[in-house]
Amino acid sequence: MKIMIINPDCGVTESAMALRCRILEEYTAPDTQLAMVCPQNSGVELNSALDVVLAAPEIVQLAADGQNAGFDAVVLYCFSDPVIDACREALRIPVIGGAQAACLSALNVCRSFGVMLADELRLPEKKRFLRTLGVDPSCITQIAAADMRGVDPWQNRKLTLARLAECGQQMVADGSETIVLGCLSFLGLAQPLAEVLGVPVIDPAVAAVCTAESIVRQRLFTSKVSYPLLCSKAREIIREI
């Protein structure tokens with residue numbers, strides 16, 4: 001099985017993408033191959049709805065390239081699930097988003113959960129976005145943000161974990177039964193955070209890759225009834241659906 005992971009931030013280095021794949025491979029079967037790619041031309045990191053619009057054409061192209069190259073599934077490595085509907089229209093293979101996979105996974109281990117973002121400025125956007133994921137809004141009891149502005153989660157792991165723990169402890173005190181991490185830069189921190197908080201912590205990157213793996217093993221594919229390809233121009237970049 002081959003899974004393409006699209007990191008939508010432009011210009012991520014090969015070594016950084018390889019590191020993320022090595023961490024994710026700890027959760028996948030030995031016969032599952034992971035490959036991460038990122039846009040080279042959009043010039044943006046996804047921190048807003050506008051960034052998603054600017055990056056959208058290249059993300060869809062990368063997804064189509066993955067299907068054309070024989071990948072079995074595509075994972076969108078972002079808690080915004082950027083242009084997931086467009087990618088599902090363009091492809092027949094499964095397209096899995098980090099946010100949707102994480103939130104649906106959470107309901108397998110709790111009745112309700114909280115979502116922890118990296119930046120409080122994203123709270124209004126995410127409150128609306130989370131309602132689109134197929135999860136009953138009453139199951140999402142809190143949406144909070146750790147104070148991560150100005151902190152690189154990969155360069156400052158100890159500080160990042162400390163700030164996540166501070167936010168998470170308040171969320172648990174306020175009633176969160178499980179925490180969904182709302183940023184894929186927190187990859188690898190869910191397990192140590194769960195040990196501190198005493199509740200399950202869902203890593204959206206892990207949830208997305210494991211969901212994609214499960215969907216492929218079940219021999220499922222994207223429904224063209226739900227996601228028909230109606231755009232004639234899009235057909236030019238896709239050999240077959």
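A: Among the contacts (heavy atoms within 4.5 Å) that join residues at least 6 apart in sequence, 71% link residues at least 24 apart. This is a predicted model, in which local features need pLDDT of at least 70 and side-chain atom pairs count only at pLDDT 80 or more, while totals for chains, interfaces and linings use all residues. Residues are numbered from 1 along each chain as its sequence is written, and side-chain values use heavy atoms, with hydrogens and water left out.

The protein has eight helices and eight strands, taken as DSSP runs numbered from the N terminus (helices H or I of at least four residues, strands E of at least two). Along its principal axes the C-alpha trace spans about 50 × 40 × 35 Å, and 53% of the 241 residues are buried, where buried stands for under 20% relative accessible area, exposed for over 50% and partly exposed for values in between (1.4 Å probe, protein chains only).

The largest nonpolar core holds 45 residues, and those that touch the most other members are Ile5, Leu24 and Phe113; such a core is a set of buried Ala, Val, Leu, Ile, Met, Phe, Trp, Tyr and Cys residues joined through side-chain atoms within 4.5 Å. Two or more of its residues come from each of strands E1 (2-6), E2 (33-37), E3 (73-76) and E5 (113-117), and from each of helices H1 (14-24), H4 (98-106), H5 (123-129) and H8 (204-217). H8 provides the largest share of this core, namely seven residues. In soluble globular proteins, nonpolar side chains tend to be buried together.

Leu24 gives a view of the packing: apart from its neighbours within four places in sequence, it is in contact with Ile5, Leu34, Tyr77, Leu187, Ala205, Val206 and Val209.

A pocket is an open set of points on a 1 Å grid over the protein atoms alone, with protein on both sides within 12 Å along at least five of seven lines, and its lining residues have an atom within 4 Å of a point. The largest pocket has a lining of 33 residues, with Asp9, Glu45, Asn47, Cys183 and Ser185 nearest its centre, and H1 is the element that gives the most to this lining, with three residues. By class, 18 of the lining residues are nonpolar, seven polar and eight charged; here Ala, Val, Leu, Ile, Met, Phe, Trp, Tyr, Cys and Pro count as nonpolar, Asp, Glu, Lys and Arg as charged, and the others, Gly among them, as polar.

The second largest pocket is lined by 15 residues, and Ser80, Asp81, Ile84, Phe129 and Thr132 lie nearest its centre. At least two lining residues come from each of helix H2 (49-68), helix H3 (84-90) and H5, and the lining as a whole comprises seven nonpolar, three polar and five charged residues.

Asp81 belongs to the loop between E3 and H3; its phi is near 45°, a positive value in a residue other than glycine, and Asp81 is buried, with a relative accessible area of 4%. Arg219, in the segment after H8, likewise has a positive phi, of about 60°, without being a glycine, but Arg219 is exposed, with a relative accessible area of 75%.

Methods: 1 Å grid on protein atoms, 1.4 Å probe; cavity = no way out; pocket = protein on both sides within 12 Å on 5 of 7 lines; lining within 4 Å.
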